[in-house]
Amino acid sequence: MKNQIFFDLCAQRLSGTISKEDELVLTQYLEEYPDQLKVYKDLQQQWEISGQLRLKYKADPQLAWEKFSELKSDKPAKTVRWFHFATRLAAMIVLTLGLGFLMREFGKTEPYHYATFEGETKWITLPDSSKIRLNESSLLTVAADFNDEERNVSLEGEAYFEIARDESRPFIIQSNEARTKVLGTAFNIRALEEEQMVEIFVESGKVQFSAKGSELILTQGMAANFNKTSDLLALDLEGNNALAWHSDVLKFEDTPLDKVYADLQSYFDVEFYIANEKINNCRFTGEFNKPKLKEILKVISISTNVSYLEENNRYVISGEGCPSEK
C-alpha cells in the first residue's frame, strides 16, 4: 500500500468516516506490516490530543477502495525513512494527505504545514505569491506571522524556491542549523535529517546563507554547504546537479567519478560501492536529459574504462582507475 493511501485510510478511521470495506483493508494492512502500526498509533495519539483538528476534505470510501484495489499489488513501501518522517509529522500534529493541504482553520497563532509523501512532489503558492516545489518526503512549515514584518518558513527535506521580491520583508528559511535569507530569487535547499550536509544552490539572484556564526553571500550559479558534524560552512564548487530532481537534467563537467556516483545515488536513490579508490581520480563529462541510470552507467564505463555490477540492491564499481593528479 502506498503511503498516500495509508494516510488517507488512517484519517478516515480517525475522523469516523471510514467504510466497512476500507476498515477491513486498513486492519489487514496493519496486521501484515506491524511497523506501520506504530505510525498509526502515533497519529491516533496526536489526533486525540488535538481534538479540534478537522480535515478539509470529504471522504470518498468507494474512491479510496478503488485506489487500493489498483495499488494492492505494489511492493511494500520503504519504511525506515518514512517511519521517522511520519512520526515527526504526527508529533507536529501534521496530517497532510496526498488529496490536499492540511486545513487552514488554526487561526492567527498557528503555523501552516505542507508535506509530501515518498515518490511525490508538490508545488505550493504562498500568500506573497512565492512558489515552492517540495521534493518527496519533505516538510515545509510556514510561520503564523508570515505576512507581517518577515516571511519565515522552515524546511525539512528538499525544496526549490521561487521567491517573490519584497524589499521590505526578507524571506527567511530555517533548515536544521542553517539559515537562508533572501529578498527575491530562485534557489534549491537540501536539508535531510539523516544527511550530514545542508546544501544550497542559487539559480538566480542573491542569497545570504549562514550557520554557527559564519556567513556566505551567494549569487547566480553558486553553491554552498554546511557540515552539521564539523559546523563548517563552505562553498561547493561542484554542485552542478543540485536542481536535477527539479529539472530532470544531470550535467557533469570534468567531474571526479566519486562525485558523479554521489549525484547518481541522490537522483536515483540507489547505492554505489567503489571497489578501487583510484577510480575516484577518473573524471567524466556528459549531460543527460530525463536520465536513465543504466544508460548513464554504460556511457561512464565506456569513457572511463570502469565496469559496474548490480549486486544485492547496490552497484559495485570496479576497474583500474586513474593516476592521481599532481
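This is a short walk through strand S6, the cores, a buried asparagine, a three-stranded sheet and some salt bridges.

Okay, ground rules first. What we have is a predicted model, where local features need pLDDT of at least 70, side-chain atom pairs count only at pLDDT 80 or more, and totals for chains, interfaces and linings use all residues. Residues are numbered from 1 along each chain as its sequence is written, and side-chain values use heavy atoms, with hydrogens and water left out.

Let's start at strand S6, residues 171–175. Helices (H or I, at least four residues) and strands (E, at least two) are DSSP runs here, numbered from the N terminus. Four of the five residues in S6 are buried, so the rest of the structure largely encloses this strand. By buried I mean under 20% relative accessible area; exposed is over 50%, and partly exposed is in between, with a 1.4 Å probe and protein chains only.

So who pairs with S6? On one hand there's S5, residues 151–162, which runs parallel to S6 over four bridges. Pairing, for the record, takes at least two DSSP bridges between the two strands. In that pair, Val153 sits opposite Ile173 of S6. On the other hand there's S7, residues 178–182, antiparallel to S6 and joined to it by five bridges. Here Ile172 faces Lys181 of S7. The S6–S7 hairpin has two residues between the strands, and Asn176 takes a positive phi there, near 55°.

What does Phe171 touch, leaving out residues up to four places away in sequence? The list includes Leu126, Phe146, Val153, Phe161, Ile163 and Val182, but also Asp128, Arg151 and Lys181. Contact there means heavy atoms within 4.5 Å.

Phe171 also shows up in the largest nonpolar core, which has 31 residues; Leu140, Phe161, Phe171, Phe187 and Phe209 touch the most other members. S5 gives this core its largest share, four residues. Apart from it lies another core, of 19 residues, with Phe252, Tyr261, Phe272 and Val306 among them. A core in this sense is a set of buried Ala, Val, Leu, Ile, Met, Phe, Trp, Tyr and Cys residues joined through side-chain atoms within 4.5 Å.

Asn188 belongs to strand S8, residues 186–191. Buried or exposed? Asn188 is buried, at a relative accessible area of 2%. What does its side chain reach? One partner is the side chain of Glu158, in a polar contact of 3.1 Å; another is the backbone oxygen of Ala242, at 3.4 Å. A polar contact is a pair of N or O atoms within 3.5 Å; within protein, one must be able to donate a hydrogen and the other to accept it, and residues adjacent in sequence count only if both atoms are side-chain atoms. Around Asn188 you'll also find Tyr160, Phe201, Leu243 and Trp245, among the residues it touches.

Three strands make an open, mixed sheet in the order S15-S18-S17. The edges are S15 (271–274) and S17 (306–311), each pairing on one side only. Neighbouring strands are turned by 25° against each other on average, direction ignored. S17 and S18 (residues 314–319) are antiparallel, with six bridges, and Ser307 stands opposite Ser318 in S18.

Two helices pack on this sheet, and each touches S15, S17 and S18. H7, residues 257–268, makes about 160° with the direction of S15, while H8, residues 293–304, makes about 145° with that of S17. Those axes are lines fitted to C-alpha atoms, for helices over the stretch in contact, and angles run from 0 to 180 degrees between N-to-C directions.

A search of the whole structure gives eleven salt bridges, meaning a side-chain nitrogen of Lys or Arg within 4 Å of a carboxyl oxygen of Asp or Glu. Arg190 and Glu195 form one, with the closest N and O atoms 2.7 Å apart. Arg190 counts as buried at 13% relative accessibility, whereas Glu195 is partly exposed at 27%. And here's Glu158 again, linked with Arg190 and Glu195 in a network of salt bridges.

Then there's Glu23 with Arg13, N to O at 2.7 Å. Glu23 is in H2 (residues 20–32) and Arg13 in H1 (residues 3–15), so this pair ties together parts ten residues apart in sequence.
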